[in-house]
Amino acid sequence: MPFHARIRRSRVILAVTTTVATVLVVALILALTITTYDHTSPRAARDKASGSVAGNVDCRKAKCVALTFDGGPSPTTPGLLDILKREDLHATFFVQGKGHIAKYPEILRRISDEGHEIGNHTWNHERLTEIPVADARQELTRTQDAIEKITGTRPVLMRPPEGRVNREVSKVCRDLGLAPVLWSVTAKDYETTDSALITQRVLDQTRRDGIILLHDLHKGTVPAVPGIIEALERRGYTIVTVSQLLAPAEPRPGMVYRP
């Protein structure tokens, strides 16, 4: 093979090798920093756990679904609490700091006093994957501190705004003793005030061991809740908190729970 041809061939091989190596490095970086984090489902967590379940609901036997509300407390929350109290049910409230905890501390105290589970939904509802890690930590820490000051306890669950979570966010949560919780059912109640539509969307998506996401601050949501509860119970579901859904497993900090 002529000398110049050998040079050209070597350059082509080098270019291809360099391109492949670059692609592999980029893919590895993306995998490590964006898409990978420890995750499991409520059912898988239960299956790996042993021991008894506190209380009278064992989701290993019962057909359970967790009912969760994001974004409060708000002026509409007391009406929701009245409904849950009347139905003798408990839900998980992922509460937000600015404009909510800070504005309605007495409602948050009532949520706690009536036995509902409280989780962290950040202070400013920032997309945690799009801000510096230090800022993400502050979003969660500030909310943890505010909840503890009002209720006397620090949450062990959090819900990332818009479900945005990555490896860094998971690590911050692990450091703070928080387990991120995603969902399997969304009524998209932020885009409609039609309570009948909200109800239908929930019922269409709900399956055993699911997690329902609603927002108690939106106009159409609280009026939909009695119908949702009635229809789910008629279908044989037991409505529980997230921690009840996981039991006898306990929330593991940094582990992302997604049905």
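Helices here are DSSP runs of H or I with at least four residues, strands are DSSP runs of E with at least two, and both are numbered from the N terminus.

Before going on, some ground rules. This is a predicted model, where local features need pLDDT of at least 70 and side-chain atom pairs count only at pLDDT 80 or more, while totals for chains, interfaces and linings use all residues. Residues are numbered from 1 along each chain as its sequence is written, and side-chain values use heavy atoms, with hydrogens and water left out.

**The whole protein**

The protein has ten helices and ten strands. Its mean pLDDT (the predictor's confidence in each residue, from 0 to 100) is 91, and 86% of its residues reach 70 or more. Residues 25–34 are another story: pLDDT there is below 50, and beyond near neighbours in sequence the stretch has ten contacts in the model. A contact, by the way, means heavy atoms within 4.5 Å.

Of the 259 residues in the protein, 46% are buried. Buried means under 20% relative accessible area, exposed means over 50%, and partly exposed is in between, using a 1.4 Å probe and protein chains only. Take the contacts between residues at least 6 apart in sequence, and 76% of them join residues at least 24 apart.

Leaving aside residues up to four places away in sequence, Gln 144 touches Asn 120, Arg 154, Pro 155, Leu 176 and Leu 178.

Pro 248 is in the loop between helix 10 (242–246) and strand 10 (256–257). With a relative accessible area of 16%, Pro 248 is buried too. Pro 248 and Ala 45 are 203 residues apart along the chain, yet their C-alpha atoms are separated by 8.6 Å. Not counting residues up to four places away in sequence, Pro 248 touches Ala 49, Ser 50, Gly 51, Ser 52, Val 53 and Arg 60.

Ser 41 lies in the loop between strand 1 (39–40) and helix 2 (42–48). Its relative accessibility is 22%, so Ser 41 counts as partly exposed. Ser 41 and Met 255 are 214 residues apart in sequence, but 9.9 Å apart in space, C-alpha to C-alpha. Setting aside residues up to four places away in sequence, Ser 41 touches Arg 258 and Pro 259.

**Helix 3 and two partners**

Two packed helices are described by the angle between their axes and the distance between the axes. Axes are lines fitted to C-alpha atoms, for helices over the stretch in contact, and angles run from 0 to 180 degrees between N-to-C directions.

| Helix pair | Angle | Axis distance |
|---|---|---|
| Helix 3 (residues 77–86) and helix 5 (residues 105–113) | about 15° | 10 Å |
| Helix 3 and helix 9 (residues 221–234) | roughly 15° | within 9 Å |

As for helix 5, its Ile 107, Arg 110 and Ile 111 meet Thr 77, Pro 78, Leu 81 and Asp 82 in helix 3.
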